[in-house]
Amino acid sequence: MALVTPDIGLIIWQLIVFLIVLFILRAFVWRPILSALKTREFQIEDSLRAAEHAQEEMKQIKADNEYLLQEARIERDAILKEARDEASHIIERAKAETSDITSKMIQDAREAIEVEKKAALSEVKALVASLSLEIAEKVLREKLSDDKSQKALVEKFIKDVKVN
Amino acid sequence: MLKRSNFLTINKFLAIILLVMPGLVWAGGGSGKDGEDEQFDPSELINHHISDSHVWEITHGIVVHLPVIVYSEEKGLDIFSSANFFGEHEEVKPYNGYVMDHDHITLESGGHVFDISITKNVLFLFIDALILILVFSAVARGYKKNAGKAPKGIQSFFEPIIVFVRDDIARDNIGHKYERFMPFLLTVFFFIWFGNLLGLLPGAANMTGNISVTLTLAVITLIITLFSGRKTYWLHIVDPLGKSMPWAGKLLLYIILWPVEIIGIFTKPFSLMIRLFANITAGHILILSIISLAFIFESLTIGVVGALFATVMNMLELFVAVLQAYVFTLLSALYFGQAVQEHH
């Protein structure tokens, strides 16, 4: 069968042509194309990885910010609380101090009043004594004629004393 | 560098040629029938088309006489046009001591000649090679021009195919050592694909459906396989049973197994050779047979139906063209993969 009989001439030509094509394409086409494809694939992969990395970083930064904010908020709350405590403490202390002072003042006043009262009383006592002496002296001096006038005189003096 | 619009135009042009091809063949055959009032012989027409020839008959009446290059011990090297074998009325005649019988050249004395002529298939080999180099240098220029950018034009058409050959054919079947086989796999894939497509053009040679061409490709695959064979590959052939039984028992089995393994080395490329040859030749025979029906029955109706059917077959052949290129490349990659695999 001619159809399935290999022809040596055609085999030689095919070998020559195919090998020439193979070597030309290998040197000037396949190698640059494959390396270009590889480089581009690496580039794409790198860019993707970089993008992912950036996203990750962004997330990290965001988380950091959030954390800082949270921290700041907590600190602010703490400061506020402290200030409030301090304020209430001061008020408390002031209140306590004031009440102490007032009570002391009241006490002092009371004591002063007591002293004054005692002084006044002793004065009154002294006055009463001197008045009594005066009355007695007057009574004795006028040499009372009758009892009736003596009595009226005494009553009159007593009235005067009451007024005082 | 082809621009996108040009590329589309070429696609359209090719599509038109492929669509009208059955018609052209029909017209060619028809005029032949009218001219010479002979009995129409489809098997001769088909055989003439699918075999190699010293003349390139583009269509009936348009003939290119190709150069004959012959060497014989008696007459040495001779180069002349094959037109010398034809007389004024297209009859075959001897020339300068050589005779040509059905495209087979011998000496008039009956001696053997070594025929390395530029036949129709050799011419199409050159055309295929030229197209490959032109197309892919354009593609390669695209990579230089658009370095680091998205592919453009013809580059973007071939890039997915190149990536497919790399990822799905080479890397999947060979493993991490695939890179050194890439030039061969890509070349063989596009060589066969373009050759198959060229063969579908009207008046073209059945180049990739020729046993010599497929034999050469298969032998190259075999040689690469054998030369890249690793310890595991040879061990698998010499000692296929491994440590599964004592050596005395193995020796008995190996009397049968060794021949099988050694034959196995050659049956793989043999199947490559036969598969490509048979698929492409069968496609050509099928289309030509359908068209020949019109002349066998001498009916216009069958002619029209046949032409339509042949068009459908042509579409199928377009698919077969790329499928067979894929299969050849895939199986080659598979054999390379077996050759370079590590012990596991």
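Visitor: Which residues of chain A does UniProt list as a "transmembrane region"?

Guide: In this predicted model, the span that the unreviewed UniProt entry lists under that name is residues 12–30 of chain A. Over residues 12–30 the chain is 100% helix and 0% strand, with the end C-alpha atoms 24 Å apart.

Visitor: Where in chain A does UniProt place the "coiled-coil region"?

Guide: The unreviewed entry puts that feature at residues 44–71 of chain A, and in the model this span is likewise 100% helix and 0% strand, its end C-alpha atoms lying 40 Å apart.

Visitor: Which residues of chain B does the annotation "transmembrane region" cover?

Guide: According to the unreviewed UniProt entry, the annotation covers residues 122–143, 181–201, 207–227, 247–266, 286–309 and 316–336 of chain B. Among them, residues 181–201 are 90% helix and 0% strand, with end C-alpha atoms 31 Å apart, while residues 316–336 are 100% helix and 0% strand, with end C-alpha atoms 30 Å apart.

Visitor: How should I read the packing of two helices, and at what angle do α4 and α9 of chain B pack?

Guide: In general, a packed pair of helices is described by the angle between the axes together with the distance between them. Here α4(B), residues 154–174, and α9(B), residues 300–340, pack at an angle of about 30°, with their axes 7 Å apart, and the crossing is right-handed.

Visitor: Which residues of α4(B) and α9(B) meet?

Guide: From α4(B) come B:Val165, B:Ile169, B:Ala170, B:Asn173 and B:Ile174, and on the α9(B) side they meet residues including B:Thr329, B:Leu330, B:Ala333 and B:Phe336. By class, the residues of this contact divide into 9 nonpolar, 3 polar and no charged.

Visitor: How many residues of chain B are in contact with chain A, and which helices supply them?

Guide: The size of an interface is often given as the accessible area lost when the parts come together. Counted by residues instead, 36 residues of chain B are in contact with 29 residues of chain A. On the side of chain B that touches chain A, at least two residues each come from α3 (120–145), α4, α5 (182–200) and α6 (211–227), and α3(B) gives the largest share, 13 residues. That side of chain B has 23 nonpolar, 10 polar and 3 charged residues.

Visitor: Where in chain B is the pLDDT below 50?

Guide: Where pLDDT is low, the predicted coordinates should not be read in detail. The mean pLDDT of chain B is 84, and 88% of its residues reach 70 or more, but over residues 22–36 of chain B the pLDDT is below 50; beyond near neighbours in sequence, this stretch has 23 contacts in the model. The model as a whole scores ipTM 0.82 and pTM 0.73.

Key: Residues numbered from 1 in each chain as written. Chains lettered and ligands numbered in written order. Predicted model: local features only at pLDDT ≥ 70, side-chain atom pairs only at ≥ 80, totals over all residues. UniProt positions renumbered as here; feature names shortened; annotations may be inferred. Helix = DSSP H or I, 4+ residues; strand = E, 2+ residues; numbered from the N terminus. pLDDT = per-residue confidence, 0-100. Contact = placed C-beta atoms within 7 Å. Axes fitted to C-alpha atoms, helices over the stretch in contact; angles between N-to-C directions. Left-handed = near helix turned anticlockwise from the far one by under 90°. Nonpolar A, V, L, I, M, F, W, Y, C, P; charged D, E, K, R; others polar.
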